[in-house]
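Try each one before reading its solution.

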Amino acid sequence: MKKTNNVLPCCYVPADSKFYKALMRILETDWSSHHDILTDIRSKVFIEEQQVPADLEIDEHDSEAIHFLVLSEDKQFIATARLLNDGHIGRIAVLKEYRNQGIGTKLLSDILCKAKQLNLTRVFLNAQVNAEKFYGNHGFVSEGEIFMDAGIPHIKMTKKLNYERNHFI
């Protein structure tokens, strides 16, 4: 996959979405350009908050993934995620003080926009069970049984990408 340091073009998002209240940008990047920032956000969310073992957090997929960083209005990096070339979305992390402000929705929207640019027909993720409703609200469908990953219950979820419209969420 081609990795760039570009702000993604805006995909359609409803005008009443909460995140329009906060000005933010989402940067598309790669591991070599921003690994310190990506690691910092993921460490705070997964290792410190959720007690994920540090040796499980960084893996061999980071170097090949397209990464996303959310830059807040006050120029702070506040969230991250990654997309693998097989459509696997993962490592979605929003810093605690920025949650419930629509940032995850905007980040997911931009990831789906990028997946469309890559001509992927479907995307999938392993959602923490407590986030299953969030992803379901954005068109993801649960598949299979709940499983444990890093001591946290997860469920596989998939979404077929619709190329007939210019929006995903």
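**Exercise 1: a bent helix**

Helix α1 bends by about 40 degrees at S43, the bend at a residue being the angle between axes fitted to the seven residues ending there and the seven starting there. This is a predicted model in which local features need pLDDT of at least 70, side-chain atom pairs count only at pLDDT 80 or more, and totals for chains, interfaces and linings use all residues. Residues are numbered from 1 along each chain as its sequence is written, and side-chain values use heavy atoms, leaving out hydrogens and water.

Task: work out what α1 (residues 31-49) spans between its end C-alpha atoms.

Solution: start from the straight case, where 19 residues at 1.5 Å a residue would span 27 Å; the expected span is 1.5 Å times one less than the number of residues. Then turn to the model, where α1 spans only 23 Å. Helices here are DSSP runs (H or I, at least four residues), and strands are runs of E, at least two.

**Exercise 2: a residue in β2**

Task: is T29 buried or exposed?

Solution: first place T29, which lies in strand β2. Next, take its relative accessible area of 0%. T29 is therefore buried (under 20%; exposed is over 50%, partly exposed in between, with a 1.4 Å probe and protein chains only). Finally, look at the α1 side: H34 is among the buried residues of that helix, and its side chain makes a polar contact with the side chain of T29 at 2.6 Å (a pair of N or O atoms within 3.5 Å; within protein, one must be able to donate a hydrogen and the other to accept it, and residues adjacent in sequence count only if both atoms are side-chain atoms).
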